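Student: Please take me through the terms used for this structure, and show how each value meets its definition.

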Amino acid sequence: MRNFNLNLVGLYTLVRRECMRFMRIWTQTLLPSMISMALYFLIFGNLMGNRIGTMDGFHYIEYIAPGLIMMSIITNSYANVVSSFFFAKFQRNIEEMIVSPLSIYTLLWGLLLGGLARGITVGLLVTLVSLFFTRLTITHMDITILVVLLTSLLFSLGGLINAIFAKSFDDINIVPTFVLTPLTYLGGVFYSLDLLPKFWQWVTHLNPIFYMVNAFRYGMLGQSDLDIHTALGVILGFIVVLYLICIWLLKKGTGIKT
Amino acid sequence: MTKPLKLAVDRMKALDIKNLQKTYQGGVVALKGIDLSVEEGDFFALLGPNGAGKTTTIGIITSLVNKTSGSVSVFGHDLEVESEIAKTFIGVVPQEFNFNIFERVIDIIINQAGYYGIPRKRAADNAERYLTQLGLWDKRNQQAIELSGGMKRRLMIARSLVHEPKMLILDEPTAGVDIELRRSMWKFLKDINHQGVTIILTTHYLEEAESLCRGIAIIDKGSIIAHTTVKQLLARLNSESFIFDLKHPLTKAPHLVGVNTLLLDELSLEISFPKSVNLNHIFEELSKQNIEVNSMRNKTNRLEELFIRLVNHA
């Protein structure tokens, strides 16, 4: 019981600290996504979208809105954990946690919930921004919420793995720039899978972000390029794998202990 | 009545290290199987030259370094088997600053308490107490980056105590700290020790070990080469050296019965003699030769001399 209380207080402390961190530097953490999404909505949605017409029966701006919201959630969840954990390693204040009796599960969930908190906060802010440009409908509220939580969790895990291995500031930018951004753009945020040749349709199925964008689009618009159960299954599968990797790395002390 | 009773009770070991070995990746052997024990309530010094294995030892005790083999137990709880309870007994002040410089002083302290499961209200009370004692309460709302070097060090001491550990480990706490602060830190640590906290410190300042500590271990090249009390260690010194500042210059070292002399410069004479010889004898010998002395001083810190001798032998 003592064990449980200790870790509960510890978890609360960690999550609170994570949230205070991204709130303290809100101009770096919350504002940029709002501005870039406003530009996406304005240029791709309003100005160009009117010429593009409809995609799968929706106005283009309506079609891309779920994808853009999902993009913000992905990048912010990832960025929160990768920078928080890497800075803690860099400044060595990670040692504050390692010397303490906190279990590694508490440490892990503290970081993940911090990533979730920022992902969801930015997701909500971006959704508010989108309301200036279009009307949003949510067809399946439960699926929408579930997909947001799972996606945010998955990319928080990804951010942590990146941070564990990162040795320099470059290392925390490489993955977002060279992996995350291309996968997001090619994950069907801006187009329907039907527009691609057969081969590239097949390749797209290897991209995990494709499943998240489509699951989220299904939740909001009720329309998707693939079966929702498949999409949720794939996301869950990735979460389980990355979660186990994180636990293994933290237990071993990779990147934090010598 | 209390004294015999206290003696009768076998004092618990605050720290008990058995056959601790550490080989780093790449093959560097940092610890070659050391045994070390520190009694509850002790003020213990771990001395050793750079690279001897002090920080590795502390790293393993505080879970920052994975050991290769051996065991560490803290107040009877094995660090591996009962890690959680063992860790709650330990507070640590590392050699280098390891806090988030953008966090406020008060947040650093209260969050640290949180990692030990202390609820925020109690953590806030403890934080106020230790920050006040260490003269940082006025700075509580400042970011850590704004503090001076000495304040940062005191911040780390406050942070290490906020969960009220039974054993405090300090890795070179006074390195690079001015004399005034060093003295006030000594006083603070003595007070904490009087309140029952076991203290282990590593230091380069042998004067620090001599004036603060009871127990002492000397580590060199990954092995413990002495593990005793400061008093017993100093008793091993069987000779003393003094430097006499002379009133009139000499051209060569005089011959004095029963002692060794060495002329450092024309006005400084070094005299070494066994403990069996007393100072009166030396002054008599000097007077016989009409050598007048203005002042005299100890050649080196006694412990330092012993330390160098031990390390060189090993």
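Predicted model: local features only at pLDDT ≥ 70, side-chain atom pairs only at ≥ 80, totals over all residues.

Student: Why does Leu42(A) count as partly exposed?

Tutor: Buried means under 20% relative accessible area and exposed over 50%, with partly exposed in between (1.4 Å probe, protein chains only). Leu42(A) has 36% relative accessibility, so it counts as partly exposed.

Student: What makes the salt bridge between Glu96(A) and Arg159(B)?

Tutor: The rule asks for a side-chain nitrogen of Lys or Arg within 4 Å of a carboxyl oxygen of Asp or Glu. The side chains of Glu96(A) and Arg159(B) meet at 2.8 Å, N to O, so the pair meets the definition. Across the interface of chain A and chain B, 2 salt bridges are found.

Student: What area is buried between chain A and chain B?

Tutor: About 2800 Å², of which carbon and sulfur atoms give 49%. Buried area is the accessible area (1.4 Å probe) that two parts lose on being put together, summed over both. In chain A, Gln91(A), Glu96(A) and Val99(A) lose the most area to chain B, together 24% of what that side buries.

Student: How many residues are in contact?

Tutor: With contact meaning heavy atoms within 4.5 Å, 28 residues of chain A touch 31 residues of chain B.

Conventions: Residues numbered from 1 in each chain as written. Chains lettered and ligands numbered in written order. Heavy atoms only, no water.
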